Amino acid sequence: MPTVLWFRRDLRLSDHPALVAAVTQARADDDEVLALYVTDPVLWRVAGPPRLAYLAATLEALDEALGGRLVVRHGDPVEVVPAVAREVGARHVHVTAATEPFGRRRDEAVAAALARAGAELVPTGSPYAVAPGRLATGAGEEFKVFTPFRRAWLAHGWHAPAPRPRSVPWAALASQGVPRPPAGDVRLPPAGEAAHRARWHRFLEGGLAGYADRRDRPDLEGTSSMSIPLKWGELHPRTLLADLAAVPVGGRGEPAREDVDGYRSELAWREFHADVLWHRPGSRTRSLRDVVPEDAWDSGPDADARFDAWAEGRTGYPLVDAGMRQMRTVGWMHNRVRMVTASFLVKDLHLPWQRGAALFMERLVDGDVPQNQLNWQWVAGTGRDAAPYFRVFNPVVQGEKFDPDGDYVRRWVPELREVSGRAVHRPWDLGLVAPEGYPAPVVDHARERERALADHARARA
Ligand SMILES: Cc1cc2nc3c(=O)[nH]c(=O)nc-3n(C[C@H](O)[C@H](O)[C@H](O)COP(=O)(O)OP(=O)(O)OC[C@H]3O[C@@H](n4cnc5c(N)ncnc54)[C@H](O)[C@@H]3O)c2cc1C
């Protein structure tokens, strides 16, 4: 009888422990591996067009790598997965373990349904180097602070990448085909394992040297863009960590130690957030700490209009608008600008972080529940080891510091293209030559900062 490998957010063939487990099982049974993907209408409904279009593109790439043998079925996995197992007479369905609240609940239900059908759900590995929930403090508790987590994570270490099985006997079965949702007007990056592996190698060769200095600069291509393949599992973080460990450092033209350590540390943040969500599934929607009173949040038509201005990149603050337009155009935004735009929503517009997080999840191609929700909580000051609430990003100063010549703003805000240099960050100072079509600031940052701090002081009192 064939073994089923049910792909979810592990859309690759290299360094894939669940694939290795499925192939081992199939060889023991002297049979084939059935590659299955289920388009779950629940997940399909909440994702915005760019994410769906990207998912479709990466599924196409996976199907091609499988020689056209990817079996796509539509429907609730609790029904579809046991039905497929029954159809082919499989007794084992291999998966990469899900670690987020939705996936954990779904897998429990699928495992129970499979058991009723006389089959077993077999989880192997996770989308992380160290599985969420594995590490504990000396007192046996969950980590609440990043630095000791990172220390424990580095000390724990991880397996070497799993070898790619040589010839896999993929089973054939009728497929309903990959759906083809349009991306709207978003320019998507190339999808699939091979495309991202090539991009990663380009980064290792040309981008890692200087990463520590350049990673905060949205005007330079200073980061790796690996958040997209890590989200969809087109690459596993263990692969990246193994490659990083092999990079020669310190020589001429080579990355410095702090470039490599800095990059590894960013991957540790990804693992920390997954660990926090594992222990606190409620943090997907609820603040881990209350830092302002409930009545501090604005609501009503004016608040909605300000939210729309933010979402459309019309706040009149150039760095905020550039970031929101970058996300709308390419489905991705630089990390520094994600921090500034998120802070602006929470502390300048006094809107709850959950509202912004929902829009990011809809529009980001790398939109990922643990990373998105807990980074929003970090900015809002409500999360684990978060930025203190009283630290309010000044969008103008941030622009002058991290986009010093204004190139990033000019790239994404065409109304400001004629303004040269860093003056682009203060269009209100241009006097009579104020650019036509660019809005005046929707709020006064200095005043809103005072209000945010007063709200915080009320909560503390
Ligand atoms: C408000 C907000 C929302 C965010 N939403 C998401 C999201 O939905 N999905 C997502 O993957 N990242 C999210 N991030 C984190 C970060 O912005 C992106 O991972 C990063 O911009 C991706 O670009 P890169 O791959 O070029 O990063 P690089 O600088 O090349 O970093 C390498 C990798 O490290 C990890 N990493 C880097 N920064 C962070 C961070 N702050 N938190 C966790 N992991 C990090 C990512 O996996 C990234 O691919 C968010 C950050 C903020 C402030």
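1. Arg314 counts as partly exposed because its relative accessibility is 38%. Here buried means under 20% relative accessible area, exposed means over 50%, and partly exposed lies in between (1.4 Å probe, protein chains only). The side chain of Arg314 meets that of Glu312 in a salt bridge, at 2.7 Å from N to O. A salt bridge is a side-chain nitrogen of Lys or Arg within 4 Å of a carboxyl oxygen of Asp or Glu. Glu312 is partly exposed too, because its relative accessible area is 33%.

2. A remark on the basis of these values. The model is predicted, so local features need pLDDT of at least 70 and side-chain atom pairs count only at pLDDT 80 or more, while totals for chains, interfaces and linings use all residues. Residues are numbered from 1 along each chain as its sequence is written, and side-chain values use heavy atoms, with hydrogens and water left out.

3. The structure holds 28 salt bridges. Side chains of opposite charge can pair when their charged atoms come close. One of the pairs is Glu415 with Arg325, which meet at 2.9 Å, N to O. Glu415 sits in the loop between α18 (407-412) and α19, and Arg325 in helix α13, so this pair ties together parts that are 90 residues apart in sequence. Helices (H or I, at least four residues) and strands (E, at least two) are DSSP runs, numbered from the N terminus. Glu415 is partly exposed because its relative accessible area is 24%, whereas Arg325 is buried because its relative accessibility is 10%.

4. Helix α13 (residues 318-330) has 13 residues. From its first C-alpha to its last, α13 reaches 18 Å, close to the 18 Å expected at 1.5 Å a residue. The expected span is 1.5 Å times one less than the number of residues in the helix. α13 is mostly covered, with eleven of its 13 residues buried. Among the buried residues are Leu319, Val320, Met324 and Met327, and also Asp321, Arg325 and Gln326.

5. Where does Glu450 lie? Its place is in helix α19 (residues 445-460). Glu450 is partly exposed because its relative accessible area is 47%. Arg449 forms a salt bridge with Glu450, and their closest N and O atoms are 3.4 Å apart. Arg449 also counts as partly exposed because its relative accessibility is 30%. Lys347 is 103 residues from Glu450 along the chain, and the C-alpha atoms of the two are separated by 9.4 Å.

6. Some charged residues belong to a network. Salt bridges link Asp295, Asp298, Arg306, Arg451, Asp455 and Arg458.

7. Strand β4 (residues 92-95) has His92 and His94 pointing one way and Val93 and Val95 the other way, and all are buried. In a regular strand the side chains alternate between the two faces of the sheet. Strand β1 (residues 3-7) pairs with β4 in the parallel sense over two bridges; strands pair if DSSP finds at least two bridges between them. Leu5 has His94 in β4 as its bridge partner.

8. Strand β5 (residues 120-123) runs parallel to β4 and is joined to it by four bridges. Leu121 in β5 stands opposite Val93. From β4 the chain crosses through helix α5 (residues 101-116) to β5, a β-α-β crossover that is right-handed. Right-handed means that, with the strands pointing away from the viewer, the path from the first strand over the helix to the second runs clockwise.

9. Which residues make the nonpolar surface patch? Val42, Leu43, Val46 and Phe102 do, and the patch is about 320 Å². Patches are made of residues with over 30% relative accessible area and no salt bridge; like charges are joined within 9 Å, and nonpolar side chains (Val, Leu, Ile, Met, Phe, Trp, Tyr) within 5 Å. The areas come from the Shrake-Rupley method with a 1.4 Å probe, and for residues only the protein chains shown count as cover. Helix α2 (residues 41-46) gives the most to this patch, with three residues. Val42 lies in α2 and counts as partly exposed because its relative accessibility is 38%.

10. Asp15, in the loop between β1 and α1 (17-29), has a phi near 50°, a positive value in a residue other than glycine. Asp15 counts as buried because its relative accessibility is 3%. His350, in the loop between α14 (335-348) and α15 (353-363), has a positive phi near 55°. His350 is buried because its relative accessible area is 2%.
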